[in-house]
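Please examine the structure before reading on.

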Amino acid sequence: MEKPFAITLDVGTSLANHTGSWRTNRPVYLSRIPPCNHQCPAGENIQAWLFLAESGNYEGAWRKLVEENPFPAIMGRACYHTCEGACNRGQLDSAVGINSVEHFLGDEAIAKGWKFTKPAVTTGKKVLVVGAGPSGLSAAYHLAMLGHSVTIFEAGPLPGGMMRFGIPQYRLPRNVIDAEVQRIVDLGVKIVYNTKVSNILETKQQGGFDAVFLAVGAHIAKRAYIPAADSAHVLDAVSVLRSMEGEDKPLLGRKVVVYGGGNTAIDVARTAKRLGATESIIVYRRNREKMPAHDFELEEALQEGVLVKWLSTIKQAGESSITVEKMALDDKGFPQPTGEFETLEADSVVLALGQDVDLSLIEGVPGLTVQDGVVQVNLQMMTGHAGIFAGGDMVPAERNITVGIGHGKKAARNIDAWLRGGVYTAPPKAEVAGFDKLNTWYYSDAPKTVRPVLDIIRRQSTFEEVQGGLDETNALFEARRCLSCGNCFECDNCYGVCPDNAVIKLGPGKGFEFNYDYCKGCGICVSECPCGAIKMVPEEI
Amino acid sequence: MEQSTVKFYQTGTFTVGNRLLAPEQRSVQAGDQRRNSLNSGHRACQGCGEALGARYAIDAAMAATNGQLIAANATGCLEVFSTPYPETSWQMPWVHSLFGNAAAVATGIAAAMKAKGRSEVRVVAQGGDGGTTDIGFGCLSGMFERNDDVLYICYDNEAYMNTGVQRSSATPPAARTATTMPVGPNPGNDFGQGKNVPLIAMAHEIPYVATATVADLRDLEYKVTKAMSIHGARYIHIFVPCPLGWGAPSQDTIKLSRMAVESGVFPVFEAERGEVTGVRKIRHQIPIEDYLRPQRRFAHLFGKHPDVATIALLQARADRNIRRFGLLD
Amino acid sequence: MLEQCEGSHAVAKAVALSRPEVICAYPISPQTHIVEGLGEMVKSGDLKPCEFINVESEFAALSVAIGSSAAGARSYTATASQGLLFMAEAVYNASGLGLPIVMTVANRAIGAPINIWNDHTDSMSMRDAGWLQLFAETNQEALDLHIQAFKIAEELSLPVMVCMDGFILTHAYERVDMPSQEQVDQFLPPYEPRQVLDPNDPVTIGAMVGPEAFTEVRYLAHAKQMQALDLIPQVATEFKAKFGRDSGGLIKTYMTEDADTIVIALGSVLGTIKDTVDDLRAQGHKVGVLGITSYRPFPISAIRDATVKAERIVVIEKCFAVGIGGIVSRDVRSAVRNRPQPVYTVVAGLGGRAITKDSVNKLLLQAFNDKLDLLTFLDLDWDIVNRVLDREKSKRRSGPVAEGVLRDIGTVASGAV
C-alpha cells in the first residue's frame, strides 16, 4: 500500500519510542520470605512445597519438603505448626492448613514408598550422633545427604526419642515413626541401640569420629517437694509415658491426678483416660490463660472428659487422696496461696513439672559451658569444645520436636562446613512478606478444610489416631489456599495489568521479566501482584 | 454473569491467568501469544487506565473475531497518545477522523464491509467520555437507532482529560476539574442528574449494553466477546481511572476501579434490548469515603473540616445504584 | 439514451451508474430528490451491492462516507447550504485524509436569513478546504461531471464536490443523454484505494502530525490539486472519446478569441449570459464568455491565456465576501495580475434572485464603456437599503434587519416599527 505521507502510519512504529526513559522508579521481581517459612523452626520452605503440591505434584512437593525436614508424616501429627499462626491467610479468613498438607504428603510418601536419593559423592568423614531422637535423626539425615558417614549411638532400644517415648500413640502412631526412620537408615546411617555414651571424648576417639553431634534430650523428670506418705503412688510423667511403650502398661488406678500445665501433663491425662481412669484431673497452679500447654491439646483433652483444677497446688499426697491449696493470681500474674484447702480423691499422682538433661556424658570435657542445666552452643551449634556440636532439648531453646529437628539440620550444615575447614554461612535473608505486601483481593474465598477427628467414645477407649488426615481432594484444596506470600506463582497479573506491555512472559515455570525499554514505572504491577513478589526501587541515574 | 464458575484454583478467575487453569480457561491477556493490539511505546501517562482498558478490549475483540477487526477512534487521549506521527501503537487497522463522529465513521466502515460482502470483518468504535456523552452523542444515537453493526466502546475517565481535565457530562458531582474548581460556595462539579449513557443506550433497545471496569479483566473480556457474537448496535462503557486527572498515584488505577465497583459508585451490569440481564454483585462493600479519599479531585471534601453533607449525598447516590441494580445479595 | 427528466433524477442515475458502494444521506432542500432517487434504487435492488444509510445529520453523513471510503468502498453523499456548514469539520477531514469521496452540493444560499434558493455561497465557504470543486452548467453536464468526478477523485485520492445550482438545475426537467452501464463501466474501473483499512494489511490512518511534518502534508494536498490541472482536461478528453460530447474540463470558452470584453461566471447562469452575448454580438459588440468548470483547482494559466487579448473582464458571481467584495473575481484577478485589464465584480442572483437577460444586457453595455463600478450588486433596491440604514441611524431598537426589509417591500403587513 502506498501510504500518504504522515497521515497514515505503519504498524509497529511506536516501538521506536522507548518510554522507559520516563521512569524514576523501576519494578523488580524479588523473592520475599513467607511468614510460614520464616517462622518454621525446622526452616522448611513451606511455600515452595505447597506450590508443588498445588498442581498435584505430590512427590515433587515431598522432595522439596525433605530438603529441610525428613519427617513430614511425624510433623503432620506432632508439630505445633506455629507456621499456621504466622500464616498471612489467617488475616484473610483462616490460616492455610499447612500441617494437614504436610500430614498428607508424609502419608503419601510412606504409602508410595518414596525414598531419599543417596548423594553421588561421599566425603570419607565420619560423624557420631548421640541420641536417635528428632534432633539426632535430623542431623544424621542431613549429614548423610551431604555425603558423610554417620553413626548414631542410642541409649534406648528403639529410635525416636521423645517422639516415641513422650508423645502418646493416639497422637503419633508408631508405624509412622518407624517408616520415616527407616528411610534415613536406608541412606546408610547406622543406629546402634542400647548404647549409652558415658564419656564422649573417649567414644569419639575410639570410634575415629571426625565430629560429634550431641542430642541426648532432656529425660530426667523434675521433681517438686511434696510431702507424701509411703503408700502414696507418686510417679513422674516421663517414666509413665516411657512405660507406655513397653509390654506392661502403667497402673494408674481409677482416679488419676496429673500435676503440671504443659503439654506433657495433658498427654499423661489423656493417656490415663485411655488406660481406663474414670477420672483424670490436671491440677495446675495458674489459670487457663497462663497455661503453657497448647490450647487445642487442652480442648481435645476436655472433649475426652479430662478435668482441670485451676489455680491449685498439691500440698500433700496420701494413699488415696491429695490435699490441694487454692491459689490466686496477684497483680503481676504470679500465683499466691490463699490458705484454702481441698481434698481430692486420687489413686495416683503423676508429676509433669518439666524435664532436665542427663549431662553425665560431657563431664570433664574442656571448653564446654553448662548453664541452667543446658549446654551452651554458639551460632554454629558448636559447644566450647571444637568438633563437639549439640542441639535439641539439651541446648537453650524452646523445647519441641520441630525445634530439635531444626537444630539437627543447622548443626549438620555447620559440621559439614567445619569438616571442610570453613564456617557455614547461610544465604542472606530476604525481607519477610508481611500481610501488607499482599493484594488479597485476588484470592478466592475459601475457608479452611478441617481434618476429620475421631469421635469421642473411640478416643476415650482406644489409642487410635485422634486426628485423621485429609484425603487428596481436601489436601489439594488446602494447599491451594496458600497465598504464596512473597513468591511468584505465575498468576500472570503483572503480565496482564501493565498498560505498556512492558512485562515479558518467559514461559511456564520460567516466570517473567520486565521490559525496561518501555516500563514507565507506574507501579500497577506492584499494586496488583497478589503475593508481593515485586517491589519498586529508585532508578539509578 | 460469567459463563461458568471455576473450581477453587487458588485465585480462581480473579487474576489474569492462573498456572493451575488450563490455558484456554485463562484470560486473553494471559496468553503468551496475545496480540497486544495497543503495543508498547505509546505516550499515555504512567498508570493510564484507558491504555489498559483499550488493550484489554481490543485484544478480546481481536480474539473473538479471529483478527478481522477495524477500529474507528474519536479524538481524545487514546487517539493522541497512540498515534503521534511518526509512531503508532496500533497493530490492527485503525482510523481517526474527528472528535464527535467515531460512531458514524464506524457505521461507514461497517457499511463498506457489508457492501463488499466481507461479513467476517467486524467494526469497533472507540471514544472517551467527552467524545461519547457530549460531542459524539448525536452520532452515537443515530448509530443505535439504525442498529448499525458496530460495537461502540466508551472509555470513561470522567472528564476531558486530553485537553487538560475539563468537566464533561460524565464528571461526577463534587469532583474538581479545571472548569469546576473547588472554590466558592459549591466547590467542584455541580450535583445534577448525571448522564447515564448505558441507560440511554438501553432506552434505544439495542441488542447489547454492558458496563465494565479495568479491575475485572475476565468480566470485561467476557462482555467484549459476547458483544462480538452479536450483530447490530452494541455499547460497552468501561470505567478507566486517570491518575493525572483524578490526582491519584499511578499504581492505584486498578485499585480505584475496584473501589468504584465495591462502593456502588459504578454499577457493573449487562443488558439486552433494554432489559438488565445480569449484574456483578459487590463482593466486599466499602463506604464511599474509602473511594474518594485517595483522589485529589475530591480532596476539598476532606481535611480539617470534612464536608460531611456532600459525602453523605455521594453515599446516597451510590446507595441508590446499589438498590436500583441489586448489587448486594 | 435520451431521457426527459428532472436534473436531480439525472444525477441520481449517473451516480448509480458509477457503482457506489455506500451512500449516506441527510435530506436538505434542494438536494432531496437526488438522495430520494438513489434511496429507492438501492431499496428496490436496482443498485447493488450498495448500502444506503439514512443518517441523523450532515455531519454524520460525511463521517459515514469517510469511514466507508477509508475502508475501500466507493462512497457518495450530497448536501447544500446549512448542511455543508454543519459537516464543515468533516469536509476538511476528508480532504486532509485524502479520501476520494464524491459529494453533490446543490448550491443554495446560507442563512441567516434562512433562504432555500440558489446561490454559490455554500460551495464558496468550503473552497479552501482542499476538495476539488466542479461546477455544472447544465443538467447534462451535472450528470456527466459526477461520472468524471469519481474517476478524478480516485486517481488523485482527493474528494470532489460537484456543484449544481439548486432548483435551477436540480428541479428543472431537461432532455439528457443518459449513458449505459457498459459505457460507464468501461470509463470508470472499480475503486483501487491508495490506502485502506484492511485486517490483512493493517495501517493507522489519521495520526497526529506536529510542526515537523504538517507543512509538508499540507503542501502535498496543494501539489495534488496542481496535478488535477492536468488530470481534469485529460479525463474530459477521455470522456469525450467514450461518450461523444464535451463535458467537464477546466474552462469553457464562447466567442472569446477576439473579444474585447470577456464575461466570466460559473454554473447555470452561463446559459443566460451566452444568450445575452449572442444579442450583443449581433449589435457588433466584441464580447465573449468564459465559464469556469473547475473552480478548485483554480485554472490560473487557462484563464490567463484565454483572456490575453481582452480589454476588460466582467465577473458575474452568485456569491460575495462580506467586508471586501467579490470571491470569484478576486481569484480571477490573481490570474490576470500584472495586466492592465480592469476586472469588474458583479454580484448577482443572491438567494435565488433571477438574473435576467435584460439586466445582464444593461450591465454589459455599461461595462463596454468602462462605466461600471468595480463592485456592483446587480438589481439591488437602493431604496430599501437606504431606508434600513436610515432607520438604524435614528433608532437604537431598529429591529431585525430581514424582517424590516420584508416589511418595507410590503410582503409583510406593516405594524409599528
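Pro113(C) is found in the loop that runs between β5 (102–107) and α6 (121–125) of chain C; helices (H or I, at least four residues) and strands (E, at least two) are DSSP runs, numbered from the N terminus. The peptide bond leading from Ala112(C) into Pro113(C) is cis, with omega near 0°. Another cis peptide bond links Arg296(C) to Pro297(C), with omega about 5°. Pro297(C) lies in the loop between β13 (294–296) and α11 (300–306) of chain C.

The model is predicted: local features need pLDDT of at least 70, side-chain atom pairs count only at pLDDT 80 or more, and totals for chains, interfaces and linings use all residues. Residues are numbered from 1 along each chain as its sequence is written, chains are lettered from A and ligands numbered from 1 in the order in which they are written, and side-chain values use heavy atoms, with hydrogens and water left out.

Chain A contains 18 helices and 22 strands, and its C-alpha trace spans about 115 × 55 × 45 Å along the principal axes. Of its 541 residues, 54% count as buried, where buried means under 20% relative accessible area, exposed over 50%, and partly exposed in between (1.4 Å probe, protein chains only).

Leu311(A) counts as partly exposed because its relative accessibility is 23%. Asp492(A) counts as buried because its relative accessibility is 2%.

Contact means heavy atoms within 4.5 Å. Buried area is the accessible area (1.4 Å probe) that two parts lose on being put together, summed over both.

| Interface | Residues in contact | Buried area | Carbon and sulfur share of buried area |
|---|---|---|---|
| Chain B and chain A | 51 of chain B, 48 of chain A | about 4,400 Å² | 52% |
| Chain C and chain A | 17 of chain C, eleven of chain A | about 1,200 Å² | 67% |

A salt bridge is a side-chain nitrogen of Lys or Arg within 4 Å of a carboxyl oxygen of Asp or Glu. Three salt bridges are found across the interface of chain B and chain A, whereas the count between chain C and chain A is zero. The side chains of Glu528(A) and Arg258(B) form a salt bridge at 2.9 Å, N to O.
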